[in-house]
Amino acid sequence: MSLDVRLRQALPEAMRARDKAAVRALRTALAALDNAGAVSVGAAAPRGRSIEESPVGAGATEVARRELSEAEMADVVRVEIAERLAAARELTDPVHAERASGLHDEVAVLRRFLDGPEGDGGIGSR
């Protein structure tokens with residue numbers, strides 16, 4: 001099962017478990033994966049020079065999303081982990097200890113999906 005499918009399946013489970021750190025981590029990781037699959041504007045359908053050459057109709061300007069490989073998806077999740085760790089390192093003031101701890105909890109959630117060939121992906125396995 002692909003990484004994005006495992007993340008998508010874990011989100012409702014995390015929501016039912018009311019695991020706020022897991023929900024935050026999964027939502028942002030899924031958004032990052034969706035953004036990574038977006039096609040650049042230049043790669044979209046060629047633009048006409050006149051109105052007569054413009055695409056017409058529902059979906060005429062839609063472009064298929066880019067398919068990410070497992071390695072590319074894992075790289076996106078690793079970037080999410082690195083960003084959280086960097087933010088947690090900057091939160092050195094004791095006032096921010098709870099937020100830094102929350103970021104480390106999110107890192108733990110995301111790392112579970114990268115461990116092993118399939119990861120366990122379970123929310124309650126922390």
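1. Ground rules. This is a predicted model, so to speak: local features need pLDDT of at least 70, side-chain atom pairs count only at pLDDT 80 or more, and totals for chains, interfaces and linings use all residues. Numbering starts from 1 along each chain as its sequence is written, and side-chain values use heavy atoms, with hydrogens and water left out.

2. Overall layout. The protein chain has four helices and zero strands, and from the N terminus on the elements run α-α-α-α. Helices here (H or I, at least four residues) and strands (E, at least two) are DSSP runs, numbered from the N terminus. Of the contacts with a separation of 6 or more, 64% are between residues 24 or more positions apart.

3. Surface and burial. Buried residues make up 31% of the 126 residues in the protein chain; buried means under 20% relative accessible area, exposed over 50%, and partly exposed in between (1.4 Å probe, protein chains only). The chain exposes about 8,200 Å², with carbon and sulfur atoms supplying 54% of it. Those areas come from the Shrake-Rupley method with a 1.4 Å probe, and for residues only the protein chains shown count as cover.

4. Core. The largest nonpolar core has 24 residues, and those with the most contacts inside it are L3, L7, L26, L33 and F113. Each of α1, α2, α3 and α4 supplies at least two residues of this core, while α2 gives the most, with eight residues. The term stands for a set of buried Ala, Val, Leu, Ile, Met, Phe, Trp, Tyr and Cys residues joined through side-chain atoms within 4.5 Å.

5. Helix α3. The 21 residues of α3 (residues 70-90) should span 30 Å at 1.5 Å a residue, and the end C-alpha atoms are 31 Å apart, which agrees. The expected span is 1.5 Å times one less than the number of residues. Its buried residues are M73, A74, V76, V77, E80, I81, R84, L85 and A88, and they pack against α1 (3-17), α2 (20-36) and α4 (97-114).

6. L30 lies in helix α2 and is buried, with a relative accessible area of 6%. Not counting residues up to four places away in sequence, L30 touches D4, L7, R8 and L11; L30 and R8 are 22 residues apart in sequence and 7.3 Å apart in space, C-alpha to C-alpha. R27 is also placed in helix α2, but counts as partly exposed because its relative accessibility is 46%. Beyond its neighbours within four places in sequence, R27 is in contact with L11 and M15.

7. R18. This residue is found in the loop between α1 and α2 and has a positive phi of about 55 degrees although it is not a glycine. Most residues other than glycine have a negative phi. At 72% relative accessibility, R18 counts as exposed.

Technical notes. Contact means heavy atoms within 4.5 Å.
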